[in-house]
Amino acid sequence: MIRETFHALSNGQRLHALEAGHGPLMLLLHGFPEFSGMWRAQLAHFAGRFRAVAPDQRGYNLSSKPAAVRDYRPAALVEDVLGLADALGHRRFTLVAHDWGGAIAWNVAASHPERVERLVIVNAPHPVTFVRELRHDPAQVEASRYMNLFRQPRAEALLAEDGYRRLRRMSVEAWAANGGDGSPDTVAAYREAWSQPGALTGMLNWYRASPLHPPEPDAPLPELDANRFRVSVPTLVIWGMRDQALLPGILRGLDEHVPDLRVEAVPDASHWVVHERPARVNALIDQFVVAR
């Protein structure tokens, strides 16, 4: 049975979460424009072997929404993940993450490998390969242009128009067109999450705080030290190959930064592979965690 919980972190944040099961901890981190409810199929599936916990990340749905853009920098978001594990009473955990959740999970695993048993990344770019593609691949730059739009002051009004029409098209309607659940109940759950006071700004502040986006005259790409982002923990990357925002070139050379790596491509799925092919995603994670 899936339970709804709230957790006060030592850094002052309060995270709402869905959780199921008992045992070793599995944290599941969503991305944009999702919330904890995206992981319901995984919570039910893994509850037999794990205490599976899916938080609404900072700025989303029912979790804390600090006002300042600086409060959404990667270091603060990493602190939330570690603080949540501490609040749950677990030193080590398996980390499963998609999209922006994956961006933070890469950072958690690189900076705190002693905390992460296993890492599962779903369609989320490693920082070093993403910067490389943004610097050298015009197709990836073009695919990522929306990130700069989301950094603009007008983004909230744009995304809220016509009952969140743009958000619905880019998420629920997109995965429903490829076999995912686009039922009225699902649409209603997402609209409720998006309409929480301050949620749209909190969600968009992840983009505003990040240095990784197509370069602009006043915001060039940073120079990253690859050693800071080397991930030594066992890692599974699941990639929906029809992703139109994060192109497969991001995977090239990934093993240089993640030596204990397994990559599983899902050819008929998009960025929303968790929704479109949940049984496949669950099976791949099963194989990975059992093999270890």
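**Contact of H2 with H3**

In this predicted model, Pro74, Leu77, Val78, Val81 and Leu82 of helix H2 meet Ile104, Asn107, Val108 and Ser111 of helix H3, where contact means heavy atoms within 4.5 Å. H2 covers residues 74-87 and H3 covers 100-111; helices (H or I, at least four residues) and strands (E, at least two) are DSSP runs numbered from the N terminus. The axes of H2 and H3 come within 9 Å and cross at roughly 75 degrees. These axes are lines fitted to C-alpha atoms, for helices over the stretch in contact, with angles running from 0 to 180 degrees between N-to-C directions. H2 is therefore roughly perpendicular to H3, a term for angles of 65 to 115 degrees, with under 35 counted as roughly parallel, over 145 as roughly antiparallel and the rest as oblique. The residues of this contact divide into seven nonpolar, two polar and no charged. Here Ala, Val, Leu, Ile, Met, Phe, Trp, Tyr, Cys and Pro count as nonpolar, Asp, Glu, Lys and Arg as charged, and the others, Gly among them, as polar.

Residues are numbered from 1 along each chain as its sequence is written, and side-chain values use heavy atoms, with hydrogens and water left out. Local features need pLDDT of at least 70 and side-chain atom pairs count only at pLDDT 80 or more, whereas totals for chains, interfaces and linings use all residues.

**Pockets and cavity**

On a 1 Å grid over the protein atoms alone, a cavity is a set of points where a 1.4 Å probe fits but cannot get out, and a pocket is an open set with protein on both sides within 12 Å along at least five of seven lines; lining residues have an atom within 4 Å of a point. Grid points are joined across faces, edges and corners, and a volume is the space filled by probe spheres set on the points.

| Space | Volume | Lining by class |
|---|---|---|
| Largest pocket | about 550 Å³ | 22 nonpolar, five polar, two charged |
| Second largest pocket | about 400 Å³ | nine nonpolar, four polar, five charged |
| Largest cavity | about 40 Å³ | five nonpolar, one polar, two charged |

Of the 29 residues lining the largest pocket, Pro74, Ala103, Asn107, Pro127 and Leu212 are the closest to its centre. H3 supplies the largest share of this lining, six residues, and H2, H3, H4, H6 and H10 each give at least two. In the second largest pocket, which 18 residues line, Met170, Gln244, Ala245, His271 and Trp272 lie nearest the centre.

One cavity of 30 Å³ or more is found in a search of the whole structure. Its lining consists of Leu15, Leu29, Pro55, Gln57, Arg58, Asp80, Val81 and Leu84, and H2 contributes the largest share, three residues.

Helix H4 (127-136) is largely enclosed by the rest of the structure, because seven of its 10 residues are buried. Buried means under 20% relative accessible area, exposed over 50%, and partly exposed in between (1.4 Å probe, protein chains only). The buried residues of H4 are Pro127, Val128, Thr129, Phe130, Val131, Glu133 and Leu134; their cover includes H3, helix H5 (138-143) and H6.

The loop between H10 and strand E7 (235-240) holds Ser210 and Asp218. Ser210 is buried at 8% relative accessible area and touches Trp100 and Arg151, leaving aside residues up to four places away in sequence. Asp218, by contrast, is exposed at 68% relative accessibility. Asp218 and Thr186 are separated by 32 residues in sequence and by 39 Å in space, C-alpha to C-alpha.
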